[in-house]
Every structure is written in C-alpha cells, then in structure tokens.
Amino acid sequence: MKTSTGINYLDFTNRIHHLKRDGDIEELLQIIQQLRNYKSRFPIFQNEIFFVIDYARKRHILMTGNVEEIIGYHPQDFLENGLAMIIDIFQKDDFKVYNDHIYSSILELFKEQHSSEHGNYIFEFNYRMQTKSKHNISVLQRSSYVTDPSTSLPLFSYGTCLDITSYKKDDSIIKRISKYDPEAPVRRIEEVSTDYFYPDPQKAILTKREIEMLKWVSDGLSTKQIAAKFHLSLNTVMNHRKNMLRKTNTKNAAELIHFAIVNHIL
C-alpha cells in the first residue's frame with residue numbers, strides 16, 4: 001500500500017514514523033467501547049500484560065498487569081518512552097519477521113474487509129523480547145485494532161501479552177488470525193488463517209529427506225506407502241508432512257507440490 005508520496009505503509013516502521021494526527025474524541029470513545037468488547041471475549045489473567053497503543057502518537061496509552069514480573073520494566077517506562085522502547089527490546093530477527101510479513105498481512109486483510117468488520121478480528125503471534133535483565137523471553141501477543149475508516153490503517157491496537165517461555169522452545173513464529181461474530185447468540189470465534197515464519201531462513205529450507213518424501217507425494221504415494229518405502233512409522237511420515245506444510249505455509253499436498261514446482265524444488 002503506497003501513497004502518492006511513495007510511503008510504503010505496509011512497513012510498520014514507516015507507518016509509525018510518518019503518522020501524524022490531532023486528537024479526536026470520537027476515536028477515544030470508540031477505543032473505550034472496543035476495550036469493553038475485548039475484555040468480554042478474553043478475560044485478563046493475572047500473569048498477562050494488557051496494553052493499548054496509540055499509533056499516531058507513537059505511544060502506549062495503557063500498560064498494566066504483570067509488566068515488572070514478566071519484562072522487568074515499570075509500566076511507566078513504556079508510557080514515557082513510546083513505541084521506540086518496544087522496538088528496542090523486540091528480538092531483532094523476530095521484529096524483522098513482524099515488520100516484513102505479519103504487519104503487512106494485517107493491513108492487507110483490512111484492505112479486503114469493510115472497516116466495520118476490522119474490530120472483530122483477533123491477531124495472535126509469538127515473538128521473543130529482551131527483559132530488563134537482558135534475558136530473552138517468548139511471549140504470545142493477542143490483539144485487535146481500531147482503524148481509520150477512510151484509509152483502513154490502524155489508529156489503535158489493544159490486547160494482551162502472555163509469557164510462554166516455559167512452553168515455546170524453538171524460534172518459529174506462528175501467526176493466527178481469528179474472527180469474532182458479535183451477532184452470534186453464543187460467543188463464537190472462528191479461525192481464519194494460520195501461518196508459520198522462521199527468523200532463521202535455514203530452518204525454513206526443506207531437508208534432503210523432506211524433499212525426497214515430497215517427490216513421492218508428487219508421484220501420488222500415500223503416507224502408508226511412503227512409510228513402507230523409507231522403513232518409517234506412519235507418525236514419523238505424518239510429522240514430516242506437517243513440517244513441510246508449515247515451512248512452506250501451504251495447507252495441503254496440492255498446494256505443497258505447487259509451491260515446490262514454482263520454487264524449483266521439484
């Protein structure tokens with residue numbers, strides 16, 4: 001998404017650098033209502049951080065919860081130092097994935113949907129950040145947005161961060177988009193998409209064994225037949241297939257084979 005000035009707003013850092021606007025009480029009322037809706041969908045737990053970001057002013061307008069226990073910084077540090085502080089403690093490789101892929105995919109989705117629907121989407125992704133004591137931790141961020149109806153660009157984001165260091169041992173980043181149906185009589189959240197990213201590009205490369213299996217998949221062999229050919233268990237072959245789908249962000253064998261052909265793997 002480029003403007004007449006050539007600014008690429010699909011890049012998160014460009015977006016916050018060029019944003020300028022005056023205060024608007026209607027937007028603040030909207031964010032308050034969205035926060036109420038968010039809290040009704042996702043109760044905030046004691047081991048979580050709850051935040052609200054004002055992108056135009058490049059700052060947090062709320063940071064609460066177990067901030068000091070999880071990150072080591074006082075909430076006031078974030079309120080006073082703006083979004084630059086978040087970028088500074090964001091693990092650099094993970095921030096590149098967010099800046100280059102995750103943020104842009106969020107904006108692309110907003111371009112395709114009417115602005116009245118934007119607040120019903122929930123975006124989840126994990127990343128690493130550095131604590132005040134210089135240790136890396138893994139967090140799961142879940143957030144929603146208030147957007148500008150005329151441009152579909154984010155004005156505010158709000159959500160939670162949960163420390164998942166005890167559960168997330170690898171450096172892969174999983175991005176999940178879901179949609180909440182406010183008209184449903186019972187709270188209903190449906191998954192829209194799930195994508196996988198690898199800050200280390202080498203980990204996204206298919207292994208020699210996976211490429212060999214992929215050739216047999218393209219020849220029409222079943223999981224059982226491939227297991228017999230490689231003298232492996234069915235679970236092992238199924239795990240290899242799942243890994244190939246994740247690495248290539250494809251959903252089934254047909255998409256995987258198409259990806260391999262387009263990228264000259266087969």
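The legends below describe several close-up views of one predicted model.

In this predicted model, local features need pLDDT of at least 70 and side-chain atom pairs count only at pLDDT 80 or more, while totals for chains, interfaces and linings use all residues. Residues are numbered from 1 along each chain as its sequence is written, and side-chain values use heavy atoms, with hydrogens and water left out.

**View 1. Confidence along the chain.** The pLDDT is the predictor's confidence in each residue, on a scale from 0 to 100. Its mean over the chain is 84, and 82% of the residues reach 70 or more. Helices (H or I, at least four residues) and strands (E, at least two) are DSSP runs, numbered from the N terminus. Confidence is highest in strand S3 (residues 121-130), with a mean of 95, and lowest in helix H1 (residues 12-18), with a mean of 54. Residues 1-10 have a pLDDT below 50, and this stretch has 24 contacts in the model beyond near neighbours in sequence; contact means heavy atoms within 4.5 Å.

**View 2. The open sheet of seven strands.** Strands of a sheet pair through backbone hydrogen bonds, either parallel or antiparallel. Two strands are said to pair if DSSP finds at least two bridges between them. Here the strand order is S2-S1-S5-S4-S3-S6-S7, and the pairing is antiparallel. Strand S2 (59-65) and strand S7 (189-197) stand at the edges with a single partner strand each, so one side of each is left without a neighbour in the sheet. From one strand to the next, the twist averages 20°. Axes are lines fitted to C-alpha atoms, for helices over the stretch in contact, and angles run from 0 to 180 degrees between N-to-C directions. Helix H6 (residues 92-112) lies across S3, strand S4 (136-147), S5, strand S6 (173-180) and S7, and runs at about 170° to S3.

**View 3. Strand S1 and its two partners.** Six bridges hold S1 and S2 in an antiparallel pair, in which Phe50 stands opposite Thr64 of S2. These two strands form a hairpin with four residues between them, and Lys58 in the turn has a positive phi of about 55°. Strand S1 (residues 48-54) is also joined to strand S5 (residues 154-163) by seven bridges, again in the antiparallel sense. Asp54 faces Phe156 in S5.

**View 4. Strand S6 between S3 and S7.** S6 pairs with S3 over five antiparallel bridges, and Glu124 stands opposite Arg176 in S6. Eight bridges join S6 to the antiparallel strand S7, where Tyr196 is the bridge partner of Ile174.

**View 5. Helix H8 against helix H9.** Two packed helices are described by the angle between their axes and the distance between the axes. The axes of H8 (residues 208-218) and H9 (residues 223-230) come within 10 Å and cross at roughly 130°. The two helices are therefore oblique to each other; angles under 35 degrees count as roughly parallel, over 145 as roughly antiparallel, 65 to 115 as roughly perpendicular and the rest as oblique. Arg209, Glu212, Met213, Trp216 and Val217 of H8 make the contact with Ile226, Lys229 and Phe230 of H9. The contact has five nonpolar, no polar and three charged residues. Ala, Val, Leu, Ile, Met, Phe, Trp, Tyr, Cys and Pro count as nonpolar, Asp, Glu, Lys and Arg as charged, and the others, Gly among them, as polar.

**View 6. Helix H8 against helix H11.** The axes of H8 and H11 (residues 253-262) come within 10 Å and cross at roughly 115°, and the crossing is left-handed. Leu214, Val217 and Ser218 of H8 touch Ala253, Leu256, Ile257 and Ala260 of H11. Six of these contact residues are nonpolar, one is polar and none is charged.

**View 7. Helix H9 against helix H10.** The axes of H9 and H10 (residues 234-248) come within 9 Å and cross at roughly 110°, which makes H9 roughly perpendicular to H10. H9 passes H10 in a right-handed crossing. Thr223, Lys224, Ile226 and Ala227 in H9 meet Leu234, Val237, Met238 and Arg241 in H10. The contact comprises five nonpolar, one polar and two charged residues.

Definitions and conventions:
A crossing is left-handed if the near helix is turned anticlockwise from the far one by less than a right angle, and right-handed if clockwise.
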